[in-house]
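Please look over the structure shown here, which is a predicted model, before reading the report that follows.

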Amino acid sequence: MMSQIHYFQEMWQFALQGKDQGIWFWATFYCFAVCSYSVVFQIRTLFWPSTPGERLDLEISQFGGPDASKSDQDYVSTALYRYKVSGEVYEGSRVSPWVFVASHNAKFILEKQISAIQHYPDGTVKVFYNPSNPQKSFLIIASKMGICITLTIGILPIILFYFKYHA
């Protein structure tokens, strides 16, 4: 345990001195922490119940100000939907736990994301909501593949750091 504390202190000093190893260590640590939180959250959403919801708006919108060049313009998927849980009506706007901002040339990713929204025969959409806080909702929950991608993003820098500085 003491050697681990010493290692963290050493990496802190390296980062303060601007050394690559220290900067990479703390960037890796941050990435792992954020991705770990995200994986836990995504796994929790797998168990969220669902309810039919009325789709009020669903589109791919410009993100930020308009750019002179179409290829420089960014886009996001936006939604507005209404759903009922235990007799109470809620409005949601989150499409997915994964927030994508895509360029004009990568707009197909957003179109693919929107195509994953499940529609019922009566025209309503499937809304997943947090059972302990029903006002938090998504139209799409994370898939097992999405969870694996997040986990890979969190672990891969650790592996690369190890092989660069300790192998």
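## Proline 134 and strand 6

In this predicted model, proline 134 has its place in strand 6, and with a relative accessible area of 17% this proline is buried. Between proline 134 and valine 40 there are 94 residues of separation along the chain, and the C-alpha atoms of the two lie 19 Å from each other.

Strand 6, which covers residues 133-138, also holds phenylalanine 138. Phenylalanine 138 is buried, its relative accessible area being 6%.

## Strand pairing

Strand 1, which spans residues 50-63, pairs with strand 5, residues 125-130, in the antiparallel sense, and 4 bridges are found between them. Within this pairing, proline 52 has lysine 126 of strand 5 as its bridge partner.

Strand 1 is also joined to strand 2, residues 74-85, by 10 bridges, and these two strands likewise run antiparallel. Here glutamine 62 stands opposite tyrosine 75, a residue of strand 2.

Serine 86 sits in the loop between strand 2 and strand 3, the latter being residues 88-92. The phi angle of serine 86 is near 50 degrees, which is a positive value in a residue that is not glycine. As background, most residues other than glycine have a negative phi. Serine 86 is exposed, with a relative accessible area of 80%.

## Aromatic pairs

The count of aromatic pairs comes to 19. One of them is formed by phenylalanine 8 and phenylalanine 25, which are arranged edge-to-face, with 5.3 Å from centre to centre and 90 degrees between the planes. Because phenylalanine 8 belongs to helix 1, residues 2-16, and phenylalanine 25 to helix 2, this pair ties together parts that are 17 residues apart in sequence. The two partners fall into separate accessibility classes, since phenylalanine 8 is partly exposed at a relative accessible area of 33%, whereas phenylalanine 25 is buried at 11%.

How are the rings of tryptophan 48 and phenylalanine 138 arranged, stacked or edge-to-face? The ring centres of tryptophan 48 and phenylalanine 138 are 5.5 Å apart and their planes stand at 10 degrees, so the pair is stacked.

One aromatic cluster is made up of Tyr7, Phe8, Trp12, Trp24, Phe25, Trp26, Phe29, Phe161 and Tyr165. Several of these names return in the lining of the second largest pocket, which includes Phe8, Phe25, Phe29 and Phe161.

The volume of the second largest pocket is about 210 Å³. Helix 2, residues 20-45, and helix 4, residues 144-165, each supply at least two residues of its lining, and helix 2 provides the largest share, with 4 residues. By residue class, the lining of the second largest pocket divides into 7 nonpolar and 2 polar residues, with no charged ones.

## The largest pocket

The largest pocket has a volume of about 280 Å³. Its lining is formed by Ser96, Trp98, Phe100, Ile109, Gln113, Ala116, Ile140, Ile141, Ala142, Ser143 and Gly146. Of the residues in the lining of the largest pocket, 7 are nonpolar and 4 are polar, while no charged residue is present.

## Cysteines

A search of the whole structure finds 0 disulfides. Cysteine 31 is in no disulfide, and the nearest cysteine sulfur, which belongs to cysteine 35, is 4.2 Å away.

Cysteine 31 counts as partly exposed, at 21% relative accessibility, whereas cysteine 35 is buried, with a relative accessible area of 10%.

Methods: Residues numbered from 1 in each chain as written. Predicted model: local features only at pLDDT ≥ 70, side-chain atom pairs only at ≥ 80, totals over all residues. Heavy atoms only, no water. 1 Å grid on protein atoms, 1.4 Å probe; cavity = no way out; pocket = protein on both sides within 12 Å on 5 of 7 lines; lining within 4 Å. Points joined across faces, edges and corners; volume = space filled by probe spheres on them. Nonpolar A, V, L, I, M, F, W, Y, C, P; charged D, E, K, R; others polar. Disulfide = S-S within 2.5 Å. Buried < 20%, exposed > 50% of the residue type's maximum accessible area, 1.4 Å probe, protein only. Pairing = 2+ DSSP bridges. Phe/Tyr/Trp six-rings, centres within 6.5 Å; stacked < 30°, edge-to-face > 60°.
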